[in-house]
Amino acid sequence: MCCMETNPIENIEKHRAELLGKINTAIASLGSNRKWNELPEFLPEYKLIKGKRVLMVDDSTYTIEDFIPYLMVATDGNMQFVLHKEDQTSGGLLRAILDSKPNPDIVLLDYSLANGVEGPNIAEHLQIGGFEAKIFGFSSESDYKLRFKRAGFGFVYKSSTDLEGSVKNLARLLENQKT
């Protein structure tokens, strides 16, 4: 019996549908009723992020919800998140990050988390413990850039009005670290 030929266009459409399903499943897991009907565009700048496992850590459900589609498309479906909840200690947050499977290549870590927990402190604990992922500060407050930089971590400005721009800035930062 001869093998069936696969149609590349059908494969692309199937992959796009799977990616859209992942986006909507991730958003629904946050308790949202929001649904995406089509994917955001894969931008050429995303090529350095494609296939990378990116973990976003934030205490805002809405911020995570907003970034899921763009990070999911940029990573080709390899985006995860940890929602830091009000009742979660810094130790619990560290455990949630460490328990993320598959292990992330990149962590985007908000500065101001719940209960006064600060992202740079979490990043330092991860680094001391031998965590191997690249850790980047990811905040809408550009003043926090210096605190992450002083601790030895990169920083990506998290814009609520230019989500694609924030993801492109992550790719640029990765490009600059390669050289």
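## A buried tyrosine and its partner

Y46 is buried, at 0% relative accessible area. This comes from a predicted model, so keep that in mind as we walk through the aromatic rings. The whole structure holds six aromatic pairs according to the search. In one of them, the ring centres of F42 and Y46 are 5.6 Å apart and the planes stand at 85°, so this pair is edge-to-face.

## A stacked pair of tyrosines

Y111 and Y144 make a stacked pair, because their ring centres are 3.7 Å apart and their planes meet at 10°. Y111 sits in the loop between strand 3 (106–109) and helix 4 (119–128), and Y144 sits in the loop between strand 4 (134–139) and helix 5 (145–150), so the pair ties together parts 33 residues apart in sequence.

How accessible are these two tyrosines? Y111 has 9% relative accessibility and counts as buried, while Y144, at 25%, counts as partly exposed.

## A lysine over a ring

Back at F42, there is a charge to look at too. The charged end of K50 sits over the F42 ring, 5.8 Å from the ring centre. F42 therefore takes part in an edge-to-face pair with Y46 and also has the charged end of K50 over its ring.

Conventions: Residues numbered from 1 in each chain as written. Predicted model: local features only at pLDDT ≥ 70, side-chain atom pairs only at ≥ 80, totals over all residues. Heavy atoms only, no water. Phe/Tyr/Trp six-rings, centres within 6.5 Å; stacked < 30°, edge-to-face > 60°. Buried < 20%, exposed > 50% of the residue type's maximum accessible area, 1.4 Å probe, protein only. Helix = DSSP H or I, 4+ residues; strand = E, 2+ residues; numbered from the N terminus. Lys NZ or Arg CZ within 6 Å of the ring centre and 35° of its normal.
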